[in-house]
Amino acid sequence: MSETYKTEQEAFWSGDFGDAYVERNTGDALVAGRTHLLSNVLRQAGPVRSVVEFGPNLGLNMVALKRLLPSASRTAIEINARAVEVLRRDPDITVHHGSILDPFIGTPHDLVFTCGVLIHIAPDALPVVYDRMYAASNRLIAVIEYYNPSPVEIPYRGHQDRLFKRDFAGDLLDRFSDLRLVDYGFQYHRDPNFPVDDLTWFLLEKSA
Ligand SMILES: C[S@@+](CC[C@H](N)C(=O)[O-])C[C@H]1O[C@@H](n2cnc3c(N)ncnc32)[C@H](O)[C@@H]1O
């Protein structure tokens with residue numbers, strides 16, 4: 001494991017596996033699916049003027065958000081250098097190259113979200129990431145992840161200890177008493193028009 005990172009999983013995503021992921025995930029169909037998904041996530045969000053995505057990779061969700069919320073500022077925190085290179089091609093995105101386990105830099109945003117990222121965080125490190133998400137949000141938190149009622153680890157592309165499913169939203173609701181559940185939903189990988197993945201999403205809000 002790299003000296004620089006606190007967990008094996010961070011080294012994994014910053015290295016060759018993460019580089020190959022960037023090459024695999026491009027195309028208009030993927031952006032269309034994310035646009036559909038995020039429009040559902042945002043349907044009860046109220047006004048959103050700023051968004052930060054934790055672990056955006058090359059920015060499929062960032063591209064979708066540019067269409068959905070053209071006036072909102074977009075910020076990204078990504079650990080993989082190759083993905084950061086691609087993100088920086090859009091000058092409108094504020095890109096931080098680093099780990100979401102590190103303290104959040106900057107002022108809070110209306111919406112902080114993850115999509116397929118908490119599932120790749122070492123379970124022991126999740127409370128730290130939850131604290132970073134909470135600190136980065138001045139109102140909304142969305143988690144778009146693989147759900148399981150109890151924590152499980154499953155093999156990921158031939159690797160062990162790289163994919164974990166659980167009730168991430170439930171963890172957040174338990175950890176922060178001022179959060180409330182606003183909306184939730186599911187996107188099915190067999191959707192005829194938007195076959196993104198089997199993703200369960202939850203929108204949480206800080207009560208005033
Ligand atoms: C499965 S990809 C999902 C990418 C993107 N959210 C999407 O929906 O297309 C996981 C992403 O999280 C990033 N990531 C994993 N651990 C991270 C960490 N500790 N800090 C920042 N980014 C991380 C990876 O480099 C990768 O880009």
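Predicted model: local features only at pLDDT ≥ 70, side-chain atom pairs only at ≥ 80, totals over all residues.

Biologist: With which residues is phenylalanine 113 in contact, leaving aside its neighbours within four places in sequence?

Modeller: The partners of phenylalanine 113 are Glu53, Ile141, Ala142, Val143 and Ile144. Each of these pairs is called a contact because the C-beta atoms lie within 7 Å. Phenylalanine 113 is also the bridge partner, in E4, of glutamate 53.

Biologist: How do you know that E4 is largely enclosed by the rest of the structure?

Modeller: Of the 7 residues of E4, 6 are buried, and therefore the strand is described as largely enclosed.

Biologist: In which sense do strand E4 and strand E5 pair, and over how many bridges?

Modeller: Strand E4 (residues 109-115) and strand E5 (residues 137-145) pair in the parallel sense over 6 bridges. At least two bridges are required, so the strands count as paired. Leucine 111 stands opposite leucine 140 in E5, and threonine 114 has valine 143 as its bridge partner in E5. E1 and E4 are likewise parallel, over 3 bridges.

Biologist: Which strands form the sheet, and which of them are called edge strands?

Modeller: The open sheet is formed by 7 strands in the order E3-E2-E1-E4-E5-E9-E8, with mixed pairing. Strand E3 (93-97) and strand E8 (179-187) are the edge strands, as each pairs on one side only. Neighbouring strands of this sheet are turned by 15° against each other on average, direction ignored.

Biologist: Which residues are closest to the ligand, and how many surround it?

Modeller: There are 20 residues around the ligand, and the closest are Trp13, Gly55, Asn57, Ile79 and Cys115. Helix H1 (8-14), helix H4 (60-68) and strand E2 (73-78) are the elements that give two or more residues to this shell. The shell divides into 10 nonpolar, 8 polar and 2 charged residues.

Biologist: Why does asparagine 57 count as buried?

Modeller: Asparagine 57 has 26 C-beta neighbours inside 10 Å. The threshold is 20 or more, so asparagine 57 is buried. Its place is in the loop between strand E1 (50-54) and H4, and its phi is positive, about 55°, although it is not a glycine. Most residues other than glycine have a negative phi.

Biologist: Why is aspartate 161 called partly exposed?

Modeller: Aspartate 161 has 14 other C-beta atoms within 10 Å. Buried requires 20 or more and exposed 12 or fewer, so aspartate 161 falls in between. Aspartate 161 lies in the loop between strand E6 (152-153) and strand E7 (164-165), and has a positive phi of about 60°.

Biologist: What makes proline 127 exposed?

Modeller: Proline 127, in helix H6 (residues 126-136), has 11 C-beta neighbours inside 10 Å. The limit is 12 or fewer, so proline 127 counts as exposed.

Notes: Residues numbered from 1 in each chain as written. Near = placed C-beta within 6 Å. Helix = DSSP H or I, 4+ residues; strand = E, 2+ residues; numbered from the N terminus. Nonpolar A, V, L, I, M, F, W, Y, C, P; charged D, E, K, R; others polar. Contact = placed C-beta atoms within 7 Å. Axes fitted to C-alpha atoms, helices over the stretch in contact; angles between N-to-C directions.
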